[in-house]
Amino acid sequence: MATESRAGRPRASSRETLAEAACELFLEQGYEATSVVDIAQRAGVSRSSFFNYFSSKSDVLWSGLDARIAAASVALAALGRGADGPSVRAAVLPIVHGFAPDPLALALRNAAAMGLEQELLRDTGLRHARIASAVAAAARSAGIDEIRADILGSALATAVLSSLRVWAEQGAGQASLEAQFDEALRSIHDLPWD
């Protein structure tokens with residue numbers, strides 16, 4: 001005997017169900033007009049269930065990338081004095097490697113329709129600062145002076161985030177994000193680590 005769930009209510013809440021509901025609502029009514037309550041209702045869960053998965057409405061978009069940035073930051077810190085160009089790029093590569101289309105990619109591609117331009121600009125700046133700071137710290141650990149370390153950090157952070165944005169805008173999954181990142185890195189290849 002099969003049991004039926006209530007119409008429109010998922011059997012179990014999940015990060016993906018909430019993210020899908022949020023993206024649908026952002027497209028339908030815009031980011032600013034969508035509340036956490038709206039997202040939870042669309043997903044068929046309570047408001048408190050939303051906060052089991054996300055800390056804020058913005059976190060729906062950024063949590064996947066934030067986890068990748070956190071992992072890269074740990075890898076960069078572990079390089080210590082041995083940090084050099086290839087090892088730093090290898091530590092940063094997992095941010096983009098295997099990145100699948102997700103709510104952030106959808107938001108980047110549909111920023112105007114979702115009313116997210118200002119939100120994305122502000123929140124991209126935060127992620128840029130996190131990546132740049134981690135790379136700059138690795139460079140300083142390897143003996144590179146402050147200014148050059150900051151420039152290298154900013155350049156690599158820009159390569160990551162610009163690659164992600166262009167990849168998403170061109171249709172996430174249509175091309176390789178890793179190839180886009182490699183192209184971005186080639187454009188900054190003349191920044192020396194010595």
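Student: Which residues in α4 meet which residues in α8?

Tutor: This is a predicted model. On the α4 side, the contact is formed by S58, W62, L65, D66, I69, S73 and L76. Their partners in α8 are E119, L120, D123, T124, R127, R130, I131, A134, V135 and A138. Sorted by class, the contact of α4 with α8 has nine nonpolar, three polar and five charged residues.

Student: How is the geometry of such a pair described?

Tutor: Two packed helices are described by the angle between their axes and the distance between the axes. For α4 and α8, the axes come within 9 Å and cross at roughly 5°. An angle under 35 degrees counts as roughly parallel, so α4 is roughly parallel to α8.

Student: At what angle do α1 and α4 pack, and how far apart are their axes?

Tutor: Helix α1, residues 15–29, packs with helix α4, residues 57–79, at an angle of about 120°. Their axes are 10 Å apart. α1 and α4 are therefore oblique to each other, and their crossing is left-handed. R15, A19, A22 and F26 are the residues on the α1 side, meeting K57, V60, L61 and S63 of α4. By class, this contact of α1 with α4 has five nonpolar residues, one polar and two charged.

Student: Is the crossing of α1 with α2 left-handed or right-handed?

Tutor: α1 passes α2 in a right-handed crossing. The packing angle of α1 and helix α2, residues 36–43, is about 120°, and the axes lie 8 Å apart. That makes α1 oblique to α2. From α1, the contact takes T17, L18, A21, A22, E24, L25, F26, E28 and Q29. From α2 come D38, I39, A40, R42 and A43. The contact of α1 with α2 divides into eight nonpolar, two polar and four charged residues.

Student: What lies in the loop between α1 and α2?

Tutor: G30 has its place there. G30 has a relative accessible area of 12%, and is therefore buried. Leaving aside neighbours within four places in sequence, G30 is in contact with L25 and M114. As for distance along the chain and in space, G30 and I147 are 117 residues apart in sequence and 40 Å apart from C-alpha to C-alpha.

Student: How many helices and strands does the protein chain have?

Tutor: The chain has 10 helices and zero strands. Its C-alpha atoms fill a box of roughly 65 × 30 × 30 Å along the principal axes. Of the contacts with a separation of 6 or more, 66% are between residues 24 or more positions apart.

Student: How should I read burial, and what share of the residues is buried here?

Tutor: In soluble globular proteins, nonpolar side chains tend to be buried together. In this chain of 194 residues, buried residues make up 42%. The largest nonpolar core has 54 residues, and those with the most contacts inside it are L65 and I95. Helix α9, residues 146–169, gives the largest share of this core, eight residues. A second, separate core has five residues, among them A136, I144, A149 and L152.

Student: What does L65 touch?

Tutor: Not counting residues up to four places away in sequence, L65 touches I95, F99, L104, R127, L161 and L164. L65 is also one of the α4 residues in the contact with α8.

Student: Which residues of α5 are buried, and against which helices do they pack?

Tutor: In helix α5, residues 85–92, the buried residues are G85, S87, V88, A91 and V92. The buried residues of α5 pack against α4, α8, α9 and α10.

Student: Where is R122, and why does R122 count as partly exposed?

Tutor: R122 is in helix α8. Buried means under 20% relative accessible area and exposed means over 50%. R122 has 48% relative accessibility, so R122 counts as partly exposed. R122 and I144 are 22 residues apart in sequence and 29 Å apart in space, C-alpha to C-alpha. I144 is one of the residues of the second core.

Notes
Residues are numbered from 1 along each chain as its sequence is written. This is a predicted model: local features need pLDDT of at least 70, side-chain atom pairs count only at pLDDT 80 or more; totals for chains, interfaces and linings use all residues. Side-chain values use heavy atoms; hydrogens and water are left out. Axes are lines fitted to C-alpha atoms, for helices over the stretch in contact, and angles run from 0 to 180 degrees between N-to-C directions. Helices (H or I, at least four residues) and strands (E, at least two) are DSSP runs, numbered from the N terminus. Angles under 35 degrees count as roughly parallel, over 145 as roughly antiparallel, 65 to 115 as roughly perpendicular and the rest as oblique. A crossing is left-handed if the near helix is turned anticlockwise from the far one by less than a right angle, and right-handed if clockwise. Contact means heavy atoms within 4.5 Å. Ala, Val, Leu, Ile, Met, Phe, Trp, Tyr, Cys and Pro count as nonpolar, Asp, Glu, Lys and Arg as charged, and the others, Gly among them, as polar. A nonpolar core is a set of buried Ala, Val, Leu, Ile, Met, Phe, Trp, Tyr and Cys residues joined through side-chain atoms within 4.5 Å. Buried means under 20% relative accessible area, exposed over 50%, partly exposed in between (1.4 Å probe, protein chains only).
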